[in-house]
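Dear colleague,

I am passing on the structure below, followed by some notes on what was found in it.

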Amino acid sequence: MTTPNELRLLPWSGPGGKPCYLSTDDPDGYMSRLADGIEAVQLGTAKELLEEASEALDNQGTSLDDMRSLVKELTWALGDVYRVAKSRGHLRATSDPSESAY
């Protein structure tokens, strides 16, 4: 059984946007693998959006509506990436006490 400081922050929110946590001793369990897969998708999406944003900024013809849409998507992606970083930082700190969590 894991202790409360060893809970994994999952890459999705619960009702009302509240964080969801996983308590398990098995990093290869179904929910751990599911969370790993979703994190990989979220990070991949963020990378694609960064490339799209770079192209849009270089293109003088990008419309204001397109830029607004892109900023909205980047905001969601940044939130996802922040959650992944926070979760991984916490996991790292609990596995190596010399590391500090964010």
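In which helix does E55 lie? E55 lies in helix α1, where helices are DSSP runs of H or I with at least four residues, numbered from the N terminus. Please bear in mind that this is a predicted model, in which local features need pLDDT of at least 70 and side-chain atom pairs count only at pLDDT 80 or more, while totals for chains, interfaces and linings use all residues. Residues are numbered from 1 along each chain as its sequence is written, and side-chain values use heavy atoms, with hydrogens and water left out.

E55 counts as exposed because its relative accessibility is 57%, the classes being buried under 20%, exposed over 50% and partly exposed in between, with a 1.4 Å probe and protein chains only. Together with E48, E51, E52, D58, D66 and E73, E55 forms a negative surface patch; patches are made of residues with over 30% relative accessible area and no salt bridge, like charges being joined within 9 Å and nonpolar side chains (Val, Leu, Ile, Met, Phe, Trp, Tyr) within 5 Å. A salt bridge here is a side-chain nitrogen of Lys or Arg within 4 Å of a carboxyl oxygen of Asp or Glu. Both α1 (30-58) and α2 (64-95) supply at least two residues of the negative patch, and the largest share, five residues, comes from α1.

Best regards

Notes: Accessible areas come from the Shrake-Rupley method with a 1.4 Å probe; for residues, only the protein chains shown count as cover. Lys and Arg count as positive and Asp and Glu as negative; His and the chain ends are not counted. The place of a charge is taken as NZ of Lys, CZ of Arg, CG of Asp or CD of Glu.
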